[in-house]
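Work through the following exercises with the sequence and the coordinates open. Each task is followed by a solution in steps.

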Amino acid sequence: MTLAELDRWPLERGWGQARKLALAQYLTRYTVLPVSRELCATWAEVAFSARKKGRSIQTADAWVAANALHYQVPLITNNRDHYSSVDGLVLLSA
């Protein structure tokens, strides 16, 4: 989901080819984690649980949270409130 959002930025901001290429080059330093059936089930649990608590979570935020839970890593964010309804999620922020 994060990668998809990064792909959208140049389109929304009208970036030129050189800047798009620089972003693509920069992103090669990172590993893209695979999607699995188990990850999809974790996303469903995150989205359902938040809605059940009366605190819906955006689809993109649910994907980010599901990945952190699935891969058992903390989620680094400056938007802690977006994830307050997700049980078991370790949040780190500045």
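The exercises below concern a predicted model.

**Exercise 1. Overall description**

Task: State which secondary structure elements the protein chain has, and in which order they come.

Solution. 
- Step 1. The protein chain has 4 helices and 2 strands.
- Step 2. Along the sequence, the elements follow the pattern α-α-α-α-β-β.
- Step 3. Along the principal axes, the C-alpha atoms of the protein chain fill a box of roughly 45 × 25 × 25 Å.
- Step 4. The protein chain has 94 residues, and 28% of them are buried.
- Step 5. The accessible surface of the protein chain is about 6900 Å², with 55% of this surface belonging to carbon and sulfur atoms.
- Step 6. Take the contacts between residues at least 6 apart in sequence: 38% of these join residues at least 24 apart.

**Exercise 2. Charges and a salt bridge within a helix**

Task: Find how many salt bridges the structure holds, and describe the one between Glu 12 and Arg 8.

Solution. 
- Step 1. The protein chain carries 11 positive and 8 negative charges, and the mean positions of the two sets are 4 Å apart.
- Step 2. Side chains of opposite charge can pair when their charged atoms come close.
- Step 3. The structure holds 4 salt bridges.
- Step 4. In the salt bridge of Glu 12 with Arg 8, the N to O distance is 3.0 Å.
- Step 5. Both residues belong to helix H1, which spans residues 2-13, and their separation of 4 residues is about one turn of the helix.
- Step 6. Glu 12 is exposed at a relative accessible area of 51%, and Arg 8 is partly exposed at 42%.
- Step 7. Salt bridges link Arg 8, Glu 12 and Arg 13 in a network.

**Exercise 3. Salt bridges between loops**

Task: For the pairs Lys 53 with Asp 87 and Asp 81 with Arg 55, work out which parts of the chain are joined.

Solution. 
- Step 1. Lys 53 and Asp 87 form a salt bridge in which the closest N and O atoms are 2.8 Å apart.
- Step 2. This pair links distant parts of the chain, 34 residues apart: Lys 53 is in the loop between helix H3 (37-52) and H4, and Asp 87 is in the loop between E1 and strand E2 (91-92).
- Step 3. Lys 53 is partly exposed at 41% relative accessibility, whereas Asp 87 is exposed at 54%.
- Step 4. Asp 81 and Arg 55 meet through their side chains in a salt bridge with an N to O distance of 2.6 Å.
- Step 5. Asp 81 is in the loop between E1 and E2 and Arg 55 is in the loop between H3 and H4, so this pair ties together parts 26 residues apart in sequence.
- Step 6. At 52% relative accessibility Asp 81 is exposed, and at 33% Arg 55 is partly exposed.

**Exercise 4. Exposed residues**

Task: Identify which residues make the nonpolar surface patch of about 300 Å², and describe the backbone of Gln 72.

Solution. 
- Step 1. The patch is made by Ile 76, Val 90 and Leu 92.
- Step 2. Ile 76 is in strand E1, residues 75-76.
- Step 3. Ile 76 is exposed, because its relative accessible area is 70% and the cut-off for exposed is over 50%.
- Step 4. Gln 72 is in the loop between H4 and E1.
- Step 5. Gln 72 is not a glycine, yet its phi is positive, at about 55 degrees.
- Step 6. Gln 72 is exposed as well, with a relative accessible area of 72%.

Terms used: Residues are numbered from 1 along each chain as its sequence is written. This is a predicted model: local features need pLDDT of at least 70, side-chain atom pairs count only at pLDDT 80 or more; totals for chains, interfaces and linings use all residues. Side-chain values use heavy atoms; hydrogens and water are left out. Patches are made of residues with over 30% relative accessible area and no salt bridge: like charges are joined within 9 Å, nonpolar side chains (Val, Leu, Ile, Met, Phe, Trp, Tyr) within 5 Å. Accessible areas come from the Shrake-Rupley method with a 1.4 Å probe; for residues, only the protein chains shown count as cover. Buried means under 20% relative accessible area, exposed over 50%, partly exposed in between (1.4 Å probe, protein chains only). Contact means heavy atoms within 4.5 Å. Lys and Arg count as positive and Asp and Glu as negative; His and the chain ends are not counted. The place of a charge is taken as NZ of Lys, CZ of Arg, CG of Asp or CD of Glu.
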